[in-house]
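Hi,

Here is the structure I promised to pass on. Have a look at it first, and my notes follow below.

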Amino acid sequence: MALLFVTAVATAQVDKIYKHNGEVVEGKVVKLEEYTVIFKYDGEDAENTIGKYAVEKIVYGKTGRVEEVTEKIVVNGEADWEKVVILEEKSYIAGLKKVDEIRGKTGLINYHTGNTADKKAEKKLKMAAAAMGCPFILQTADKTTVGANSNQLGGSQAIKKGIAYKY
């Protein structure tokens with residue numbers, strides 16, 4: 001009887017990390033950082049990292065306290081492109097699923113200034129991710145050429161590349 005009680009108390013001490021994809025990770029949350037959750041699997045000493053964007057909530061085993069981490073971003077198609085989040089560090093995508101490489105660019109001959117070309121390329125990048133139902137992009141390249149370096153008309157061309165991710 002005492003053994004059953006000790007087992008029940010030990011399992012109640014386990015923190016549960018609920019991911020947006022439905023998966024539940026059991027272990028011990030070591031710390032929450034700005035964009036990541038550091039945890040240890042139950043019975044292991046190695047620290048693991050998961051991006052906060054993949055985590056819905058954490059239920060702490062000792063207290064039962066529930067901490068909401070992020071809201072799920074639902075992208076149903078290209079029209080939802082404004083919901084897409086561009087991430088610039090690999091650690092932020094830990095726990096998300098890679099879908100495909102994407103690219104957004106402005107035309108070679110255009111009349112954009114550097115800022116408008118950059119915004120248009122970013123919009124195209126987000127639209128490409130949204131079309132695949134992906135709410136996240138890990139940006140891998142960002143190149144802008146301006147004036148004489150760009151084209152004969154002195155316009156600006158922007159090229160952005162990334163990898164689309166979903167839950």
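Let me start with a question: does Y35 count as buried, partly exposed or exposed, and why? Keep in mind that this is a predicted model. Y35 counts as partly exposed because its relative accessibility is 31%, which lies between the 20% and 50% cut-offs.

As for where to find Y35, look in the loop between β2 and β3. Setting aside residues up to four places away in sequence, Y35 touches I50, G51, K52, Y53 and Y92. Take Y53 from that list: 18 residues separate Y35 and Y53 in sequence, yet their C-alpha atoms are 7.6 Å apart in space.

Next, the core. The largest nonpolar core is made up of 32 residues, and I17, I58 and F136 have the most contacts inside it. At least two of its residues come from each of β2 (24–32), β3 (36–41), β5 (55–59), β7 (85–87), α2 (114–131), β9 (136–146) and β10 (156–166). If you zoom in on I58, its contacts beyond four places in sequence include I17, V29, L32, V37, V66 and V69, and also the charged K16, R65 and E67.

Last, D80, which sits in the loop between β6 (66–68) and β7. D80 is buried but has no salt bridge; K83, the nearest side chain of opposite charge, is 4.0 Å away. What the D80 side chain does reach is the backbone nitrogen of N76, at 2.8 Å. Leaving out neighbours within four places in sequence, D80 is in contact with V74, V75 and A130.

Cheers

Terms used
Residues are numbered from 1 along each chain as its sequence is written. This is a predicted model: local features need pLDDT of at least 70, side-chain atom pairs count only at pLDDT 80 or more; totals for chains, interfaces and linings use all residues. Side-chain values use heavy atoms; hydrogens and water are left out. A nonpolar core is a set of buried Ala, Val, Leu, Ile, Met, Phe, Trp, Tyr and Cys residues joined through side-chain atoms within 4.5 Å. Buried means under 20% relative accessible area, exposed over 50%, partly exposed in between (1.4 Å probe, protein chains only). Helices (H or I, at least four residues) and strands (E, at least two) are DSSP runs, numbered from the N terminus. Contact means heavy atoms within 4.5 Å. A polar contact is a pair of N or O atoms within 3.5 Å; within protein, one must be able to donate a hydrogen and the other to accept it, and residues adjacent in sequence count only if both atoms are side-chain atoms.
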